[in-house]
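Subject: Structure for your review

Dear colleague,

Please find below the structure that I am handing over to you. My notes on it follow.

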Number of protein chains: 2
Amino acid sequence: MRISEHSLRCLAIELLQRSGAPALSAELQADLLIEAELRGLPSHGLQRLPRLLARIDRGLVNPVATGQHRWLKHGYLDVDGQRALGPVALMGALEALVPKARNVGLGVAAIRNSNHSGMMAYYVEQAALQGLICIVVTTSEALVHPFGGTRAMLGTNPIAIGIPTGDAPFVLDMATSIVSMGKIHNHALRNEALQPGWAVDEQGRSTSDAEAAKSGALAPFWAAKGYGLGLAVELLVAALAGSEFAPEIAGTLDDTEPANKGDVLILIDPASRDGTGEKLTRYLDMLRACPPADPVHPVAIPGDRMRARRSASLRDGIELPCSLLNELRNLQAA
Amino acid sequence: MRISEHSLRCLAIELLQRSGAPALSAELQADLLIEAELRGLPSHGLQRLPRLLARIDRGLVNPVATGQHRWLKHGYLDVDGQRALGPVALMGALEALVPKARNVGLGVAAIRNSNHSGMMAYYVEQAALQGLICIVVTTSEALVHPFGGTRAMLGTNPIAIGIPTGDAPFVLDMATSIVSMGKIHNHALRNEALQPGWAVDEQGRSTSDAEAAKSGALAPFWAAKGYGLGLAVELLVAALAGSEFAPEIAGTLDDTEPANKGDVLILIDPASRDGTGEKLTRYLDMLRACPPADPVHPVAIPGDRMRARRSASLRDGIELPCSLLNELRNLQAA
């Protein structure tokens, strides 16, 4: 069903405020969910809202917390998330880092004990729009097996990088797993076979059965390289945030456990070089003009497709499964 | 032919000193080349030495330069490499950043106008051995086509990450191309076909002919993800170092042009958290014990195989092609 962005946003804000979130926190959390829907990333969209409301009800999320800030060193911000809404803790850390990056040249924030932060592209884009280079990495439940291994022992550990240009920012946001667990669930729903090499089952055997893969493990993308990057994220976040490793992580996919993953945010101010933005824009335009392998698919820059999809969604509305819309409206009527 | 590490090291140092490099610079440059040989990375080893000596002869490398340091902000070091030997400029920047990272929590250095820095693993390992997290990225000549494109417009843009643990450091060092151009040259030498999807020829057509691929372009690894990461490195380095983009870069594979690529180095001090190293070591040992897909190949940690190879090379000597050894001995006799 197609619904306007505005009516879905109002619905999400209302539900969050009724659960005890102050207006600004409810609006920020809703923005994360709505922006994911607008950009065609429903796995980080409104389907997460009922679980989030249940987590607030059970005290696993504190909707009024904003995170406790402590500068371990002049450029290193430690954040105890105090069970805050993920976007409230992460955006609070980002805002505290902005003046530090402008002043010192760069800063790092490490957050533990906060909830699921949603689409990482959101944060690095916000930073890039303020002229700052931003790298965000985060950990998750164990869903990915090490290269050559057969048990889920790493998170999907996404890497997001935002870089300001003279035009729209460069925005990369990618998991280090071969596909998302959401994609496996979609294949299971539609009874479709998985591609070879995507996943193993609970016994660690390679499988094309999506249902069996749900209790197994995803492969890292591109074997040793994706594994190496995912593991680097796992270690970096645990070392800087003091959060847990994947095998001990819970609380972003369930409504029974406190969230104990971590997030790390690095912000760098490149502003000391004049004309850099325009130089980057010219190079990206050269790439867009590269002779394509298939004339129907010109070369794209990370962020391009997401922005096009967002414009279309704002114009045409957001496509939401009826079951999800009914669930949200029932929560509203309750 | 097998030669001892020590005799090759003495040979390299002698040749570099005779070309005008001061003792410490010659020793550092030689160490980079020898360490690459020891770790089984001959593409970054002694085969680069004759070209490097020719570059010194022609004034493209200034063997006495060490790089000019300027702190753009308290934590942001700008380095004009002044045509220095790559390792001299990069290690000089790393050393200047160490006290900054300890004091501020982190620091960034951006280097332009210096020469090929060799194996990135070297630097991040050195930093990790001092208890610091280190990320190094660097750009190169255009060798990689954008995802969906057919012309080489990006460098191989490696990403190296070193993280201290309670034991040997985690050391990741990976190009963002699907394979190295060195591997293409090896296939051409041995007249072997390339795997599908590795490369395109000069006209941008997919090819399995290694000879044709040498004047074409490599694919990014894992399609859109490798392309996105490689492009992020391209933009990050140009924005922070003020260096050129791949299509304009020269001077690391030839002996006729000044080098105009860039390097970026981020150093973070995680030392404020006690017991972190041991926690990381326990997790890495859990991963090594993960049930393997193939019992002959247990799960490895990035850095493990390199260290094992290094020990074996120190014991058994370095395997060097006779032609290269003769070339180096002729230079010594000249």
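Two strands are taken to pair if DSSP finds at least two bridges between them. Please keep in mind throughout that this is a predicted model.

**The sheet around strand 6 of chain A**

In strand 6 of chain A, A:A160 is the bridge partner of A:V136. The strands concerned are strand 5 (residues 133–138) and strand 6 of chain A, which pair in the antiparallel sense over four bridges. A:A160 also has A:D173, in strand 7 of chain A, as a bridge partner. Strand 7 (residues 170–174) runs antiparallel to strand 6 of chain A, and five bridges join them.

Strand 6 of chain A (residues 159–163) is mostly covered, five of its five residues being buried. In a regular strand, side chains alternate between the two faces of the sheet. Both faces are covered here: A:I159, A:I161 and A:I163 are buried on one side of strand 6 of chain A, and A:A160 and A:G162 are buried on the other.

Of the 16 residues in helix 2 of chain B, 13 are buried, so that the helix is mostly covered. After helix 2 of chain B comes B:G40, which has a positive phi, near 80 degrees.

B:W71 lies in strand 2 (residues 68–73) of chain B. Its relative accessibility is 35%, so B:W71 counts as partly exposed. Leaving aside residues up to four places away in sequence, B:W71 touches B:Y76, B:L77, B:A96, B:L97 and B:K100. The C-alpha atoms of B:W71 and B:V108 are 9.9 Å apart, with 37 residues of separation in sequence.

**The interface of chain A and chain B**

Chain A and chain B each bring 73 residues to the contact. Between them the two chains bury about 6,300 Å², and 74% of this is on carbon and sulfur atoms. Of the area that chain B buries against chain A, 11% is supplied by B:W222, B:R273 and B:Y283, more than by any other three residues.

Between chain B and chain A, 22 residue pairs are in polar contact. Helix 8 (residues 223–241) of chain B provides 13 residues, the largest share of the side of chain B that touches chain A. The rule finds two salt bridges across the interface of chain B and chain A. A:K73 and B:D269 meet through their side chains in a salt bridge, at 2.8 Å from N to O.

**Salt bridges**

Side chains of opposite charge can pair when their charged atoms come close. Over all chains, the count by this rule is 40 salt bridges.

In chain A, the side chains of A:E5 and A:R9 meet in a salt bridge with an N to O distance of 2.6 Å. Because they are four residues apart in helix 1 (residues 5–18) of chain A, A:E5 and A:R9 are separated by about one helical turn. A:E5 has a relative accessibility of 18% and therefore counts as buried. A:R9 is buried as well, with a relative accessible area of 19%; the cut-off for buried is under 20%.

A:D304 and A:R307 also form a salt bridge, and their closest N and O atoms are 3.5 Å apart. This pair is three residues apart in helix 10 (residues 304–316) of chain A, which means a separation of about one helical turn. A:R307 counts as partly exposed because its relative accessibility is 21%.

In chain B, a salt bridge joins B:R288 to B:D304, with the closest N and O atoms 2.9 Å apart. This pair links distant parts of the chain, 16 residues apart: B:R288 is in helix 9 (residues 276–288) of chain B, and B:D304 is in helix 10 (residues 304–316) of chain B. B:R288 is partly exposed, its relative accessible area being 28%.

Finally, a network of salt bridges links A:E35, A:R39, A:E125 and A:R310.

With kind regards

Note on methods: Residues are numbered from 1 along each chain as its sequence is written. Chains are lettered from A and ligands numbered from 1 in the order in which they are written. This is a predicted model: local features need pLDDT of at least 70, side-chain atom pairs count only at pLDDT 80 or more; totals for chains, interfaces and linings use all residues. Side-chain values use heavy atoms; hydrogens and water are left out. Buried means under 20% relative accessible area, exposed over 50%, partly exposed in between (1.4 Å probe, protein chains only). Helices (H or I, at least four residues) and strands (E, at least two) are DSSP runs, numbered from the N terminus. Contact means heavy atoms within 4.5 Å. Buried area is the accessible area (1.4 Å probe) that two parts lose on being put together, summed over both. A salt bridge is a side-chain nitrogen of Lys or Arg within 4 Å of a carboxyl oxygen of Asp or Glu. A polar contact is a pair of N or O atoms within 3.5 Å; within protein, one must be able to donate a hydrogen and the other to accept it, and residues adjacent in sequence count only if both atoms are side-chain atoms.
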